[in-house]
Amino acid sequence: MDGVRQWALGICLTVLVNAVVQYLIPSGSMEKMLRLVLGAFVLCGILVPLVQVLPNIEWEVEDIPAAYEQAGDFTESVDQQVLSQAEQNIRILVAQELQKRGVACENIAVFMDRNEDGSIRMDKVVVTLGKDGQNQAPGLAPDLENTLGIQTEVVIDGETG
């Protein structure tokens, strides 16, 4: 912190000296040249302390791969959350469609994965109905496939319907 304070003090003194000298400059042919020299003086006052500090800065290149690993973990976590949320949304849609048809289900299983390009691929949805859903099962799978656009399978107590 002391170094920053000294640097700021140096800049203030440089600007102060610059202002005083510019005030004392007589107007004439040398005025432009003297302003150029004063501008270079201010730049040196700002840059010289930085140039002196730069060799003392340690650049830890070994930590960069660790940062990439952490970013990879974060990306993997986000991907899992996206898949989980997409699965939950599909379950809600299927449940709503079944509710519209008056069908009670025991379980909705969504099978999905990611493609090579990172997009989500919906493989299929398996709807499990209880024994009382046996009468409602015929034609339910094609109806859900047409409505949702996802391959759907209806299972009644372990039997595919």
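Predicted model: local features only at pLDDT ≥ 70, side-chain atom pairs only at ≥ 80, totals over all residues.
Residues are numbered from 1 along each chain as its sequence is written, and side-chain values use heavy atoms, with hydrogens and water left out.

The chain has 4 helices and 4 strands; helices (H or I, at least four residues) and strands (E, at least two) are DSSP runs, numbered from the N terminus. Read from the N terminus, the elements follow the order α-α-α-β-β-α-β-β. Of the chain's 161 residues, 20% count as buried.

Helix α1 covers residues 2–24, and Leu24 belongs to this helix. Leu24 counts as exposed because its relative accessibility is 61%. Together with Leu9, Leu13, Leu16, Val20 and Tyr23, Leu24 forms a nonpolar surface patch with about 690 Å² of accessible area. Such a patch is made of residues with over 30% relative accessible area and no salt bridge, nonpolar side chains (Val, Leu, Ile, Met, Phe, Trp, Tyr) being joined within 5 Å and like charges within 9 Å. The areas come from the Shrake-Rupley method with a 1.4 Å probe, and for residues only the protein chains shown count as cover.

Helix α2 runs over residues 31–53, and its 23 residues should span 33 Å at 1.5 Å a residue. The expected span is 1.5 Å times one less than the number of residues. The end C-alpha atoms of α2 are 34 Å apart, which agrees. At Leu47, shortly before the proline Pro49, α2 has a kink of about 30°, the bend being the angle between axes fitted to the seven residues ending there and the seven starting there.

Side chains of opposite charge can pair when their charged atoms come close. The whole structure holds 5 salt bridges, each a side-chain nitrogen of Lys or Arg within 4 Å of a carboxyl oxygen of Asp or Glu. In α2, Arg35 and Glu31 lie 4 residues apart, about one turn of the helix, and their side chains meet at 3.1 Å, N to O.

Helix α3 spans residues 63–101 and includes Arg91 and Glu87, which form a salt bridge at 2.8 Å, N to O. Lys100 pairs with Glu97 at 3.3 Å; Lys100 is exposed at 67%, whereas Glu97 is buried at 12%.

Notes:
Buried < 20%, exposed > 50% of the residue type's maximum accessible area, 1.4 Å probe, protein only.
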